[in-house]
Amino acid sequence: MKTPLSALAIAALLTLTACGISPTDVQDRGNAPTIRIPPPSKTIFLIRNGELALEPADVDTDTVASLLGALFEASTQPLGDRDTALRGFTYLRIKNSINPPQRDEIQLPRTSTLTVYISGEGTLTKLGKAQIVCTAQQDAAFELVKIVRENENSPSRTEGEFTCGELK
């Protein structure tokens with residue numbers, strides 16, 4: 001009879017100390033891990049050696065409107081070894097059409113055309129268009145960027161609808 005009682009005592013002792021970790025209360029150590037989608041970067045497209053180049057933008061927010069404002073502001077500044085094809089043009093405003101279509105109670109993915117309104121005389125070159133479109137399309141919500149020129153005493157003129165890939 002001593003064997004089963006001894007075995008039972010040893011088993012109980014091993015159960016209490018088996019893992020070597022003493023139990024503790026639940027401790028809250030912070031927020032649960034979550035996924036955070038990064039906002040568009042604070043960069044604009046300027047020209048270096050005749051090609052588009054990403055450059056940091058001095059903006060407070062990473063909105064497309066702020067980035068485009070910084071892009072056109074750069075055209076009034078000395079840029080050193082960089083350049084811009086937007087000299088003589090002014091950024092007026094943007095308008096987007098972010099309203100995802102809904103069909104059969106299913107909301108389709110958010111896509112949009114961003115319309116950028118500018119003013120200025122002269123020819124807006126392909127590189128100038130690329131600077132505008134590629135800067136705006138850092139926000140993935142915009143599939144197309146439409147450029148409209150509005151000058152005083154003349155009707156609005158559409159420069160076209162573009163994607164960054166077709167202008168690079």
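**Reading the sheet**

Mentor: Strand S6 (residues 112-120) pairs with strand S7 (residues 142-149) in the parallel sense, over seven bridges. The model is predicted, so local features need pLDDT of at least 70 and side-chain atom pairs pLDDT 80 or more, while totals for chains, interfaces and linings use all residues. Residues are numbered from 1 along each chain as its sequence is written, and side-chain values use heavy atoms, leaving out hydrogens and water.

Trainee: What counts as a strand, and when do two strands pair?

Mentor: Strands of a sheet pair through backbone hydrogen bonds, parallel or antiparallel. Here, strands (E, at least two residues) and helices (H or I, at least four) are DSSP runs numbered from the N terminus; pairing requires at least two DSSP bridges between two strands. For example, threonine 113 has leucine 144 in S7 as its bridge partner.

Trainee: What is the order of the strands in the open sheet?

Mentor: The four strands follow the order S3-S6-S7-S8, with mixed pairing. S3 and strand S8 (157-162) are at the edges with a single partner strand each, so one side of each lacks a neighbour in the sheet.

Trainee: Is leucine 79 buried or exposed?

Mentor: Buried means under 20% relative accessible area, exposed over 50%, and partly exposed in between (1.4 Å probe, protein chains only). Leucine 79 is buried because its relative accessible area is 9%. Leucine 79 lies in the loop between helix H2 (64-74) and strand S3 (89-96). Not counting residues up to four places away in sequence, leucine 79 touches Leu46, Ala74, Thr84 and Arg87, contact meaning heavy atoms within 4.5 Å.
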